[in-house]
Amino acid sequence: MQLFSTNDIARKREVSFREAVFKSMPDDNGLYMPAFFPKLPHGFFEHIEKFTFQEIAFEVAQTLIGDEIPALALRQIVEEAINFNAPIVPLDKQLHVLELFHGPTLAFKDFGARFMARVMSWFLQEDASAREIHILVATSGDTGSAVAQGFLNVPGIQVTLLYPKGKVSQLQEKQLTTVGNNVTALEIEGTFDDCQRMVKQAFLDQELNQRLNLSSANSINISRLVPQSFYYFNAYAQLKRDISFNPKRAILFSVPSGNFGNLCGGLIAKRMGLPIRQIIASTNVNDIVPSYLDTGSFEPKPSVRTLSNAMDVGNPSNFARLQAFYKSDSNSDESNLLANIQKDITGKRYTDAETREAIREVYQQHRGYVMCPHTAVGYLGLKEYLKEFHRPAYGLILATAHPAKFIDVVEEATDEKVVLPPALQALLVKKKQSVSLSNHFEELKTYLLTKA
Ligand SMILES: *Cc1c(COP(=O)(O)O)cnc(C)c1O
């Protein structure tokens, strides 16, 4: 796979997958974007229901990544990374929940983090002269714990997580601060946007980059994005396994979005030939992308705190990538570009009150099914879109986190106790270990230099 930077319009320089994985971000501050999306063969889609999730993931990964990782190694990476299920739970004929939260941290980011850790580890093993890698991650909750679990005890890799003090749930904080070994959590006096800015600044800082071999694991890293396309294909396989499957019906995905990495995974799947009619970009009141889709102007704002806090993003980091999927078809004409994006993506946004009400509604109308607040936003987006669509469709809501991760909100909305899965229960007794820092970059820099 060759990649270019979203800031290099003329595509003067292309890099290998390996380089994009380790650099994370090009020097020109853009995002790495695959130069080409190979289509999967017709036969793959024809018979996809006969394959396991791991087999599907391997086929997609190999087609996209090519021969930079030999087939045998790639198969092993996929088998180790994608070793939990992503089942579909039908709510009714049109509404289906695609549960992406059966990994170790009970949120969809486990897919990306585990795949990325194993890809990096494989590249490091191949290179005898490779230096220790230092992963730096800003997290609004779920990214950090997924990365921590994904990279835990991976040799040659240190992990530092930055999270906003008081802005993640108690369970999330436990997940971030109790991992230990090669993982350190930094508690930042500020917002998630501050954390993200500090990490970005670290990657641009010459001295830090000379002393440490810095790398990112945010959804800007291409090796986290690639595996986020796998479950879209696997969802299609599951739909096809149903005897009543009707191939003429449109397939819609509603994606609860913050930094828009998950949604870009869907765009990869679509480019590679998966028959997705429409993707609904469902957000909370941090509606930068839905507003862009309405007006054509992209206006980042400070993030607002909501119940679906993993989507509290005021400047979505994958936005340039989202546009890049459409730029080559749009002759760099802005209104053309917007129209092309709107053909594939519809934006919807919801308040916290609507989110609470949606959790209650699903619980009452669909046999006690319980959704996390992020998933509930996805549910609302799909429901509204179906009303406009006027035709029968297969609607899939990406369920991004287990409801128990947001126990207070969910219990209040449903008026029922939520049972904590054993993995979360065990966390509660562990002791928090973190380092407190202000939101000034210099403090982060000083701290990191002590690790060099
Ligand atoms: C990260 C996250 C999201 C948003 O995903 P993006 O790829 O950033 O758009 C939604 N829900 C949950 C639970 C998350 O952890």
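Tutor: From α16, the residues Glu354, Thr355, Ala358, Ile359, Glu361 and Val362 meet Pro373, Ala376, Val377, Tyr379, Leu380 and Lys383 of α17 (contact means heavy atoms within 4.5 Å; helices are DSSP runs of H or I, at least four residues, numbered from the N terminus). By class, this contact has 8 nonpolar, 1 polar and 3 charged residues (Asp, Glu, Lys and Arg count as charged; Ala, Val, Leu, Ile, Met, Phe, Trp, Tyr, Cys and Pro as nonpolar; the others as polar). The model is predicted, with local features needing pLDDT of at least 70 and side-chain atom pairs 80 or more, while totals for chains, interfaces and linings use all residues. Numbering starts from 1 along each chain, and side-chain values use heavy atoms, without hydrogens and water.

The axes of α16 (residues 352–365) and α17 (residues 373–389) come within 9 Å and cross at roughly 85° (lines fitted to C-alpha atoms over the stretch in contact, with angles from 0 to 180 degrees between N-to-C directions). The two helices are therefore roughly perpendicular, a term covering 65 to 115 degrees.

As for the ligand, 15 residues surround it, and the closest are Lys109, Asp142, Gly258, Asn259 and Thr400 (a heavy atom within 4 Å). A polar side-chain atom of Thr400 lies 2.8 Å from a ligand nitrogen atom (polar contacts pair N or O atoms within 3.5 Å).

Terms used
Parallel < 35°, antiparallel > 145°, perpendicular 65-115°, else oblique. Polar contact = N/O pair within 3.5 Å; in protein donor to acceptor, adjacent residues only side chain to side chain.
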